[in-house]
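I'm jotting down what I looked up here, in the order I got to it.

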Amino acid sequence: MPDSSQQNENPFISVIIPVYNDPSGLEDTLQSLVAQQYTGNFEIIVADNGSTDNTPDIAEKYCGDSVKLVVEDTSGCY
């Protein structure tokens, strides 16, 4: 059982959003996530699979300290 000091700490959270050609869905998701009142440290990673529309533009609009954009436009195992 963890001690009481560990129970009061907020863990670091990573939220990964896979996306492909869904700018409105991504916008809604990012708006919701950045509006959260989480007091711990967190990161939001948008994993775009080579969208051909303005999805990357939406992600870049939110990029900053907690939001990162990763673009993958090839397939295969790494």
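Predicted model: local features only at pLDDT ≥ 70, side-chain atom pairs only at ≥ 80, totals over all residues.

I began with the surface. The chain exposes about 5500 Å², and carbon and sulfur atoms supply 50% of that area.

Next I checked how much is tucked away. Buried residues make up 22% of the 78 residues in the chain.

Then I wanted the overall layout. I found three helices and three strands. Walking along the sequence, I read the pattern as α-β-α-β-α-β.

What about contacts across the sequence? I looked at those between residues at least 6 apart, and 64% of them join residues at least 24 apart.

Which residues gather in a patch of negative charge? I noted down Asp22, Asp28, Asp53, Asp57 and Glu60.

Asp22 sits in the loop between strand 1 (13-19) and helix 2 (23-34). Is Asp22 buried or partly exposed? Its relative accessible area is 35%, so I wrote down "partly exposed".

Last stop: Glu27, which I found in helix 2. Glu27 has a relative accessible area of 13%, so I put it down as buried; the cut-off for that is under 20%.

What does Glu27 touch, leaving aside its neighbours within four places in sequence? I got Ile58, Lys61 and Tyr62 as its contacts.

Note on methods
Residues numbered from 1 in each chain as written. Heavy atoms only, no water. Patch = residues over 30% accessible without salt bridge, like charges linked within 9 Å, V, L, I, M, F, W, Y side chains within 5 Å. Areas by Shrake-Rupley, 256 points an atom, 1.4 Å probe, with all protein chains shown as cover. Salt bridge = Lys/Arg side-chain N within 4 Å of Asp/Glu carboxyl O. Lys, Arg positive; Asp, Glu negative; His and termini not counted. Charge placed at Lys NZ, Arg CZ, Asp CG, Glu CD. Helix = DSSP H or I, 4+ residues; strand = E, 2+ residues; numbered from the N terminus. Buried < 20%, exposed > 50% of the residue type's maximum accessible area, 1.4 Å probe, protein only. Contact = heavy atoms within 4.5 Å.
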